[in-house]
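Please look over the sequence and the coordinates before reading on.

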Amino acid sequence: MKLDIMPEEFVKALGVIKEIELHGFEAYFVGGSVRDALLGKKSHDVDIATSAYPEEIKRIFKRTVDVGIDHGTVLVLYEDSQYEITTFRTESTYQDFRRPDKVTFVRSLEEDLKRRDFTINALALDKEGTVIDLFHGLDDLKNGVIRAVGNPKERFHEDALRMMRGLRFASQLDFTIETETLKAIYTFHELLSKISVERISVEFSKLLLGNNRQKGFSPFIETECYRNCPGLAEHLKGLLRFSELPNFPIEEERQAWALLIKELSVPNKEIRLFLKKWKLSNQMMHETAELVYCLNKRLEGAWLPEDLYRAGLDRALAVEKLLSFYNLKGKLKETEEQFLALPIKERKHLAITGNDLMTIIDRKPGKWLGLLIDYLEKSVINNEIPNDKEMLISCSKKIIEQQDFQG
Ligand code: ATP
Ligand code: MG
């Protein structure tokens, strides 16, 4: 099969292929970029595989970076782009069900394509636009099938991460996992426990964000892969609830985790612990926990000024977009207007500072100060006091007289 039109990102990289060939080696576009081009999708990275060894590539191109030379990958800076060029290789003796112990460089494209995970990822494209399809990947692409290259049991036994990759491709591409491949995932799901959480986490979040999430998530449950993922083993019911949410794509990672946590009914105080097990960044843990809090509030009714203020506009809109998963209509415009009408949007907009208060109320700093600022902030947000320095001062004085701010 030949591509009618070579996508732009490949045309840009043709010079690299030609240069390698001029030196007597073979070179092809491979992997996800070829798959995506055939699906009519734009690729974020164009990968090139070659019969030249890394040292040979470094001799051919002036500007190179050793990014993974042990695995045969050299980054080539070419014109205004950069390309990962990887020597054809085979992988052998996977003793611990993850990553090969030994990578052997070979001169044969076929050997290289054989070690790839799925038929749709084992296509190569030459400089003329001819697709090299040794494992019927084109048929599988056309029919929307995820099928392991070769014997699926062997392939998952070699590298268990491939099971999670298969599930996430099903979700991202809206494909179905072929029966033998699916059975092999079921057989070997326990091997996922040998894979680092970080790598599982990357695939899982791609699965959650896929265009047809259910296509990946249902088999994730059925094959029992979930039993070997952080914090999920005891949550079958919640996972089923999550999989029954309307199947709209989820836009952002924080939204995906928030929906999952809500359906798993993870108690508020355990949210961070749950997300920590997934090795998410502090930022993502914080965002997600806040989103869950705000979503629960919003599902009780319209935004209260205090909750909207706490959320901030960006998070509030992210919550509105999640309402459709609960058969409610998000009110983006109204929420924005309501937010913009708040007297202050952040604490620093308060017309008085902690220092002002310490000067005016002649008292040593202590717990009282935080409590007082919280009170003023809340009163301003709820339109009980205007955000005016004089008013805030007189209000503070009254409160200090009336109440005892210990601390
Ligand atoms: P994405 O669009 O998410 O980048 P991708 O298929 O390009 O998807 P990469 O992780 O970039 O995924 O890998 C590039 C290629 O390397 C894959 O298409 C596949 O051919 C091969 N590959 C990646 N990981 C594995 C693996 N664990 N086992 C076998 N082959 C793999
Ligand atoms: Mg890729």
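**A walk through the predicted model**

K279 is found in the loop that joins α13 (271-277) to α14 (282-300), where helices (H or I, at least four residues) and strands (E, at least two) are DSSP runs numbered from the N terminus. Although K279 is not a glycine, its phi is positive, at about 60°. Most residues other than glycine have a negative phi, and most peptide bonds are trans. H136, also a residue other than glycine, has a positive phi near 60°, and it lies in the loop between β9 (131-132) and α5 (137-143). At 54% relative accessibility H136 counts as exposed, on a scale where buried means under 20% relative accessible area, exposed over 50% and partly exposed in between (1.4 Å probe, protein chains only).

Some conventions apply throughout. This is a predicted model, in which local features need pLDDT of at least 70 and side-chain atom pairs count only at pLDDT 80 or more, whereas totals for chains, interfaces and linings use all residues. Residues are numbered from 1 along each chain as its sequence is written, chains are lettered from A and ligands numbered from 1 in the order in which they are written, and side-chain values use heavy atoms, with hydrogens and water left out.

Helix α7 (residues 161-173) has 13 residues and reaches 18 Å from its first C-alpha to its last, close to the 18 Å expected at 1.5 Å a residue, the expected span being 1.5 Å times one less than the number of residues. Eleven of the 13 residues of α7 are buried, so the helix is largely enclosed by the rest of the structure. After α7 comes D174, whose phi is positive, near 65°.

The method works on a 1 Å grid over the protein atoms alone: a cavity is a set of points where a 1.4 Å probe fits but cannot get out, a pocket is an open set with protein on both sides within 12 Å along at least five of seven lines, and lining residues have an atom within 4 Å of a point. The largest pocket has a volume of about 1,500 Å³, with grid points joined across faces, edges and corners and the volume taken as the space filled by probe spheres set on the points. Its lining has 41 residues, of which D47, R116, D117, R165 and R168 lie nearest the centre. The elements that give two or more residues to this lining are α2 (32-38), β2 (47-50), β3 (64-68), β5 (81-87), β6 (89-92), α7 and α9 (197-208). The lining divides into eight nonpolar, 13 polar and 20 charged residues, where Ala, Val, Leu, Ile, Met, Phe, Trp, Tyr, Cys and Pro count as nonpolar, Asp, Glu, Lys and Arg as charged, and the others, Gly among them, as polar.

T90 is found in strand β6 and counts as buried at 17% relative accessibility; its C-alpha atom is separated by 6.3 Å from that of E111, 21 residues apart along the chain. S43 is found in the loop between α2 and β2 and is buried, with a relative accessible area of 12%.

Which rings come together elsewhere? A search of the whole structure finds 14 aromatic pairs, counting rings of Phe, Tyr and Trp (its six-membered ring) whose centres lie within 6.5 Å, with planes under 30 degrees apart taken as stacked, over 60 as edge-to-face and the rest as tilted. The rings of F217 and F220 have their centres 5.5 Å apart and their planes at 45°, so the pair is tilted. Both residues lie in helix α10 (residues 213-222), three residues apart, about one turn of the helix. F217 is buried at 1% relative accessible area, and F220 is buried at 0%. Ring pairs link F204, F217, F220, F242, W257 and W278 into a cluster.

Charges also sit over rings, which requires NZ of Lys or CZ of Arg within 6 Å of the ring centre and within 35 degrees of the ring normal. R107 lies over the face of Y53, at 3.8 Å from the ring centre, and K262 lies over the face of Y326, at 5.6 Å.
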